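Please open the structure in your viewer and keep the selection tool at hand.

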Amino acid sequence: MKAAIVESVGKVVVGEVPDPTPGPRDVVVEVAACGLCGTDLHILQGEFAPTLPVVPGHEFAGTVAEVGSAVTELRVGDRVAVDPSLHCHECRFCRAGRGNLCERWAAIGVTTAGGAAQYALAPVANCVRLPDHVRTQDAALIEPLSCAVRGYDVLRSRLGAHVLIYGSGTMGLMMLELAKRTGAASVDVVDLNPDRLATARRLGVSGSAAGPDDLDRPTGWDVVIDATGNAAAIQDGLDRVAKAGTFLQFGVADYATRVTIDPYRIYNQEITITGSMAVLHSYERAAELFAGGVLDPDVFISDRLPLDDYPGALDQFASGVGRKIVVVP
């Protein structure tokens with residue numbers, strides 16, 4: 001079958017790989033669409049994936065093409081979205097219900113072959129059947145939405161909070177949509193990319209600008225979310241948190257990224273700094289929210305490109321052009 005392959009650091013090609021074979025509790029999914037994500041750029045840089053080559057793609061949905069001998073929950077022809085999380089269920093963190101921090105953490109499309117291919121292998125337990133009204137190609141958005149849902153689980157947001165989001169790419173826009181639905185008094189978005197910021201305005205924001213100095217919140221924001229992974233944005237965001245507020249590191253930074261904190265201010269103003277890692281007990285809820293219309297796929301997905309164009313799609317994503325880019329086998 002045809003697949004994108006990260007062969008080595010900085011090198012991605014489209015070529016032929018063996019067709020997947022299901023184990024007893026696996027299914028083979030004929031991929032309808034696979035989204036590109038910042039994690040894919042990290043994999044290309046040699047981060048996250050323990051070994052290369054690997055077929056990337058952890059945001060995907062499709063149709064069940066083959067089922068393992070012990071699969072009874074799904075049938076060939078069922079349309080599914082796939083949670084890429086692969087936890088050991090044995091380590092200290094898995095036993096504590098924190099599988100996203102698994103000591104042997106793995107994920108489809110990160111550590112094992114993923115959905116940037118014609119077919120992908122997944123445990124049946126990771127598959128969520130799609131309702132009739134959800135388009136299969138759109139359902140690639142469910143995985144990033146599940147990460148955003150996890151972010152709001154970490155925030156434990158209270159009603160009436162003033163929220164500032166750095167970045168209006170896919171993840172920043174998803175956090176915007178969830179903020180509006182979790183009782184925020186205001187949601188402001190900052191971004192240096194005017195096209196992406198225009199999309200945030202289209203979705204509805206309280207304020208938008210290239211930087212927080214252009215917004216009217218002199219006492220800071222109750223919740224500040226970085227959805228960029230950019231050191232300058234993170235550093236600025238830490239200084240914008242109001243007393244008793246929370247800073248959420250949601251964007252994925254490079255391993256080498258460093259910022260400076262002010263320990264006295266954190267102590268004196270009771271500021272919380274926290275993070276949100278991937279998916280945790282949030283995929284099924286994201287699928288239900290998606291089916292309920294929490295996102296407009298036609299707004300969020302800016303480009304649908306053929307799998308053959310995967311290297312170019314990755315370059316486009318890295319350049320910041322567009323919003324969610326999906327490849328279609």
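Helices and strands are DSSP runs, numbered from the N terminus; a helix has at least four residues and a strand at least two. By that numbering, H281 is found in the loop between β15 (272–275) and α8. Please keep in mind throughout that this is a predicted model.

**Stop 1**

Select H281 first. Is H281 buried or exposed? Its relative accessibility is 58%, so H281 counts as exposed, the cut-off for that class being over 50%. The backbone also deserves attention here: the phi of H281 is positive, about 50°, although the residue is not a glycine.

Next, display the second largest pocket, which holds about 340 Å³ of space. Which residues come closest to its centre? They are D83, S85, H87, H89 and H281, out of 18 residues that line the second largest pocket. To see which elements give two or more residues to this lining, colour β6 (85–86) and α8 (283–291). If you colour the lining of the second largest pocket by class, you will find seven nonpolar, eight polar and three charged residues.

**Stop 2**

Now turn to charged side chains. A search of the whole structure finds 15 salt bridges, and several of the residues concerned can be visited together.

Select R135 and D138. These two form a salt bridge in which the closest N and O atoms are 2.4 Å apart.

R304 lies in strand β16 (residues 301–306), while D138 sits in the loop between β9 (127–129) and α3 (142–155), so the pair ties together parts that are 166 residues apart in sequence. At 33% relative accessibility, R304 counts as partly exposed. Finally, select D298 as well: salt bridges that share partners join R135, D138, D298 and R304 into one network.

**Stop 3**

Move to E7 and K11. A salt bridge links E7 with K11, and its closest N and O atoms are 3.2 Å apart. E7 is partly exposed, with a relative accessible area of 34%, and K11 is likewise partly exposed, at 41%.

Then select G10, which is placed in the loop between β1 (2–8) and β2 (11–16). G10 is exposed, its relative accessible area being 59%. From G10, draw a distance line to D222: the two C-alpha atoms are 39 Å apart in space, and the residues are 212 apart in sequence.

**Stop 4**

The largest cavity has a volume of about 40 Å³. To locate the largest cavity, select the residues that line it: Y152, S157, R158, A161, V163, T182, G183 and A184. By class, this lining has four nonpolar, three polar and one charged residues.

From here, select R156, in the loop between α3 and β10 (162–166). R156 is exposed, with a relative accessible area of 72%. Its phi is near 50°, a positive value in a residue other than glycine.

**Stop 5: a nonpolar surface patch**

Select V259, I261 and I273 and show the surface. Together they form a nonpolar patch with about 230 Å² of accessible area. I261 has 46% relative accessibility and counts as partly exposed.

**Stop 6: a cis peptide bond**

For the last stop, select L52 and P53. What kind of peptide bond joins L52 and P53? The bond is cis, with omega about 10°. P53 is placed in the loop between α1 (38–44) and β4 (59–67).

How values were computed: Residues are numbered from 1 along each chain as its sequence is written. This is a predicted model: local features need pLDDT of at least 70, side-chain atom pairs count only at pLDDT 80 or more; totals for chains, interfaces and linings use all residues. Side-chain values use heavy atoms; hydrogens and water are left out. On a 1 Å grid over the protein atoms alone, a cavity is a set of points where a 1.4 Å probe fits but cannot get out, and a pocket is an open set with protein on both sides within 12 Å along at least five of seven lines; lining residues have an atom within 4 Å of a point. Grid points are joined across faces, edges and corners, and a volume is the space filled by probe spheres set on the points. Ala, Val, Leu, Ile, Met, Phe, Trp, Tyr, Cys and Pro count as nonpolar, Asp, Glu, Lys and Arg as charged, and the others, Gly among them, as polar. A salt bridge is a side-chain nitrogen of Lys or Arg within 4 Å of a carboxyl oxygen of Asp or Glu. Buried means under 20% relative accessible area, exposed over 50%, partly exposed in between (1.4 Å probe, protein chains only). Patches are made of residues with over 30% relative accessible area and no salt bridge: like charges are joined within 9 Å, nonpolar side chains (Val, Leu, Ile, Met, Phe, Trp, Tyr) within 5 Å. Accessible areas come from the Shrake-Rupley method with a 1.4 Å probe; for residues, only the protein chains shown count as cover.
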